[in-house]
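Biologist: Hi! Could you walk me through this structure, one piece at a time?

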Amino acid sequence: MKKTIKIQNLKCGGCAHTIKTKLLELKGVKNVDVIVNKDEVVFNYDLEPIVLELKQKLKALGYPEMNDDNSLVTKAKSFVSCATGKLSNHEK
């Protein structure tokens, strides 16, 4: 099945790289695409419970769903995830 989630704090390719890398680690998630200019994460999944797990992972990384709480701590996490994504993407 395919799903699109609109998220907050998505800024650049570094963010996208971190999100894609971390979400593909989840069992049952495939074909993750992060569309920066639309603030969207599009992915395929096997079973419905993985969607909740994926949303929790996004929030832990600093990218909560569009209507979720977006605290200062969450925003700070997104900056760390972004920087990590830029560094790991640049090393390749």
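**Strands and sheet**

Modeller: Happy to! Let's start with a pair of strands: E1 and strand E3, residues 40–45, run antiparallel and are joined by 5 bridges. One thing to keep in mind is that this is a predicted model.

Biologist: Okay, which residue in E3 is the bridge partner of lysine 6?

Modeller: That would be glutamate 40.

Biologist: And what order do the strands take in the sheet?

Modeller: The order is E1-E3-E2, in an open sheet of 3 strands with antiparallel pairing. Strand E1 (2–6) and strand E2 (29–35) are at the edges; each has a single partner strand, so one side of each has no neighbour in the sheet. From one strand to the next, the twist averages 20°.

Biologist: What holds strands together in general?

Modeller: Strands of a sheet pair through backbone hydrogen bonds, and the pairing can be parallel or antiparallel.

Biologist: Nice. Where does H1 lie?

Modeller: H1 lies across E2 and E3, and its direction is at about 170° to E2. Helix H2, residues 49–61, packs on the sheet too, where it touches E1, E2 and E3. The direction of H2 makes about 145° with that of E3.

Biologist: Tell me about H2, then. How many residues does it have?

Modeller: H2 has 13 residues. From its first C-alpha to its last it reaches 19 Å, which is close to the 18 Å expected at 1.5 Å a residue.

Biologist: Which residues of H2 are buried?

Modeller: Ile50, Val51, Leu54, Leu58 and Leu61 are buried in H2. They are on the same side of H2, because they cover an arc of only 100° around the axis. On the other side of H2, you'll find Pro49, Leu52 and Gln56 exposed.

Biologist: What follows H2?

Modeller: Glycine 62 does, and its phi is positive, near 105°.

Biologist: Switching topic: is phenylalanine 43 buried or exposed?

Modeller: Phenylalanine 43 is buried, with a relative accessible area of 0%. You can find phenylalanine 43 in strand E3.

Biologist: What does it touch?

Modeller: Setting aside residues up to four places away in sequence, phenylalanine 43 touches Met1, Lys2, Lys3, Ile5, Val29, Lys30, Asn31, Val32, Val51 and Leu54. Val51 and Leu54 are among the buried residues of H2. As for leucine 24, its C-alpha is 9.3 Å from that of phenylalanine 43, and the two residues are 19 residues apart along the chain.

Biologist: How about threonine 18, where is that?

Modeller: Threonine 18 is in helix H1, which covers residues 13–23. Threonine 18 is buried, at a relative accessible area of 6%. Leaving aside neighbours within four places in sequence, threonine 18 is in contact with Leu61, Ser81, Thr84 and Gly85. Leu61 belongs to the buried set in H2.

Biologist: Last topic, cysteines! How many disulfides does the structure hold?

Modeller: The structure holds 0 disulfides.

Note on methods: Residues are numbered from 1 along each chain as its sequence is written. This is a predicted model: local features need pLDDT of at least 70, side-chain atom pairs count only at pLDDT 80 or more; totals for chains, interfaces and linings use all residues. Side-chain values use heavy atoms; hydrogens and water are left out. Helices (H or I, at least four residues) and strands (E, at least two) are DSSP runs, numbered from the N terminus. Buried means under 20% relative accessible area, exposed over 50%, partly exposed in between (1.4 Å probe, protein chains only). Contact means heavy atoms within 4.5 Å. Two strands pair if DSSP finds at least two bridges between them. Axes are lines fitted to C-alpha atoms, for helices over the stretch in contact, and angles run from 0 to 180 degrees between N-to-C directions. The expected span of a helix is 1.5 Å times one less than its number of residues. The arc is that of the directions from the helix axis to the C-beta atoms. A disulfide is a pair of cysteine sulfur atoms within 2.5 Å.
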